[in-house]
Amino acid sequence: MKAFYFTEAAYPYLPPETEYESVRVTMPNRIFDPKVGADLYHRFMDEWLLADDEGLNVMVNEHHQTPTCLNASGPITLAVLARETRNARLLILGNPISNRDQPLRVAEEMAMIDCFSRGRLECGFVKGVPYEIAAANRVPVRLNDRLWEAHDLIVKAWTQHDGPFSFEGKFFHHRMVNVWPRPYQQPHPPVWIATLSAQSAEEAGRRGYVVATFLAGYKDTPKIWQGYQRGWEAGGRTGPCPLDRLAYTAMIYTGETDAEGRAGAEKLLWYLAQNKVPEYFKNPPGYLAPQARGAIMRTQPLGYRMRMQNKVPNLDEEIANGAVFCGSPDTVYKQIKTFYDKVGGMGNLLLMGQAGLMEHEETVRGIKLFAREVYPRLKELGVQGQHLDLSVAA
Amino acid sequence: MENAGLVSGGLARLRVGSVDLDYVRIGSGPSLLYLDDAFGTAPSAETLAILGEKFSVIAPHHPGFGTSPLPNWITSTDDYAYLYLALLDALGEESVFIAGVSLGSWIALQMAIKCPERFTGFILASPIGVKTGSRDALDIPDIYAMTYEALSALLYHDPATVPDRAECDEEELVALARNEESFALLSWEPYMHDPKLPHRLNRVRQPVVLVRGASDGLLTDSYVQSLSRLLPNSSVKTLDSAGHRIQVDQPVAFGAMIADFACNLETPVASA
């Protein structure tokens, strides 16, 4: 199993929730103190570099117009990591290619990162969460179509080496594509697709990409893995997919003791709690199919999204859900192993190891304890050749 | 609910190009093309019945709204204009009067600039589709950044008439979600307008009456006046006790206004 350390890199010093309408999209940036922000950028970078030193891989993501994530450009953070890290695989999860204007710009940025890092890029593509729509001003209809057309153009740009080609799609038009540099890894960096939907997982499986899911828990993860497996087979492959195709994101904090681990995890719950967002940003028209949106209009939130709806998160509930693994190293290992067995396995574990008001020292302790006491045991799991356990009921 | 109960017996379907177009045909008299707004799941039976007293009404159901899926090639109001021109061709309607509300008015303008000679006159209620103000401020408030309650207050004159979503059944909610998705596609960017229209409206020499509900929270009077100045032969009327959804708030008064205007044109529409 490969582990990737991750933080959303938030600016957590916010007014009380009663004083604002929405934490995302409309929070005025006068709240951002540039001196504090600068310190945060450097501190989060120090923690990523520590993760590399400790033998973990690293992951960044990207969000816009929100204090919940200061990485408004994932590629910029990734560029610093490409230069400063030594061994870590560098995962961006992901480039929001449904929203970005120019897929070719993404192709160039990723090729540069891959060269700078000498072939350590893991390139994720995402549709983006619904609150990104207002920030990108991207019409929320037909986003999946736009994502896959952008993907097709990017992959073609990476893999055509004989001079310019043209591309006249539904969303993107070019007459002269000839991207420099080309990626370090051949034919191109590994592609990851992040999703909560079995259908998107199937698309990833068809292409043999890595599918990553996020806090999906015991309940939804098997469905996503099964979706992936369907696509894997539809792509002309037989047998269960290798575990290295499957990635699970959880909030993970490792303490010396169970109490210390839980105390850290309580701080990670900030990510779930700090999500006061009005319905019109959470549910823009067309982002979900009419059937699903109709259900939400009746205020029946779907599955995982319930945890994102202004509900005060409960640590034991989230542990039981499989969204949080925390405690002493032994406890964390056991929780991960239990989850692993229950869902059929996974070959990649993405750890949200810092959030909200968790300070530097506490973050560092958690990274080191995980890397030194938990990760070596996890490496036994999901190694090359191990496959999805299809006997696990969806 | 004002959208309950389609006019029975009047609903027809015609293959127009690659689209199966549903439309209501009702009433007798001069031909009137009625183009409804985006906020209901079908043209209201009450409005159509009132119009049917004086006109032979053709009221298409906009593809992608209500129960019909959105064809994947449709991206703009212009596409609807061509569809409905083809509908008129197929029905042998050479010369019609148009009444529109909101999205319907926008589509009507897109039709008018293409072949103005097909139309005897226009009543365009709650007319969207044109931007006349500066780049630093929205002419029309952002309907995609407000709650259903806030939007309803801008759309309807009387809060008591606002449909309660909690009372809608699943099918209705799916239809409303479909409406929102299709309207988003048509109006997202540029927001709620076609930048080319101000340069093309000079072709529309037929008489146009722009109607604004006095309680319309989306369109200011000065916005509608500025649109009127772009049309060579237009005037503005205000309808009291009506919001943006004029046809829902004041179906009788709106119907009477249409009849009065259409039947008193300089070149009056010929009686049946």
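Predicted model: local features only at pLDDT ≥ 70, side-chain atom pairs only at ≥ 80, totals over all residues.
1. Chain A, overall. The secondary structure of chain A consists of 14 helices and 11 strands. Chain A has a radius of gyration of 20 Å, close to the 21 Å from the globule rule for 394 residues, so it is as compact as a globular protein of that length. The C-alpha trace of chain A extends over about 60 × 50 × 45 Å along its principal axes.

2. Chain A, burial and contacts. Of the 394 residues in chain A, 59% are buried. Among contacts in chain A with a sequence separation of 6 or more, 76% are between residues 24 or more positions apart.

3. Chain B, overall. Chain B contains 8 helices and 8 strands. For its 272 residues the globule rule gives 19 Å, and the radius of gyration of chain B is close to this at 17 Å, so chain B is as compact as a globular protein of that length. Along the principal axes, the C-alpha trace of chain B spans about 45 × 45 × 35 Å.

4. Chain B, burial and contacts. Buried residues account for 57% of the 272 residues of chain B. Of the contacts in chain B between residues at least 6 apart in sequence, 76% link residues at least 24 apart.

5. Helix 2 and helix 3 of chain A, geometry. The crossing of helix 2 of chain A past helix 3 of chain A is left-handed.

6. Helix 2 and helix 3 of chain A, contact residues. On the helix 2 side of chain A, the contact involves Pro75(A), Leu78(A), Ala79(A) and Ala82(A). These meet Glu109(A), Met110(A), Ile113(A) and Phe116(A) of helix 3 of chain A. By class, this contact between helix 2 and helix 3 of chain A has 7 nonpolar residues, 1 charged residue and no polar ones.

7. Arg118(A). The relative accessibility of Arg118(A) is 63%, so Arg118(A) counts as exposed, the cut-off for exposed being over 50%. Ala82(A), one of the helix 2 contact residues in point 6, is 36 residues from Arg118(A) in sequence, with a C-alpha to C-alpha distance of 8.3 Å.

How values were computed: Residues numbered from 1 in each chain as written. Chains lettered and ligands numbered in written order. Heavy atoms only, no water. Left-handed = near helix turned anticlockwise from the far one by under 90°. Helix = DSSP H or I, 4+ residues; strand = E, 2+ residues; numbered from the N terminus. Contact = heavy atoms within 4.5 Å. Nonpolar A, V, L, I, M, F, W, Y, C, P; charged D, E, K, R; others polar. Rg over C-alpha atoms; globule rule 2.2 N^0.38 Å. Buried < 20%, exposed > 50% of the residue type's maximum accessible area, 1.4 Å probe, protein only.
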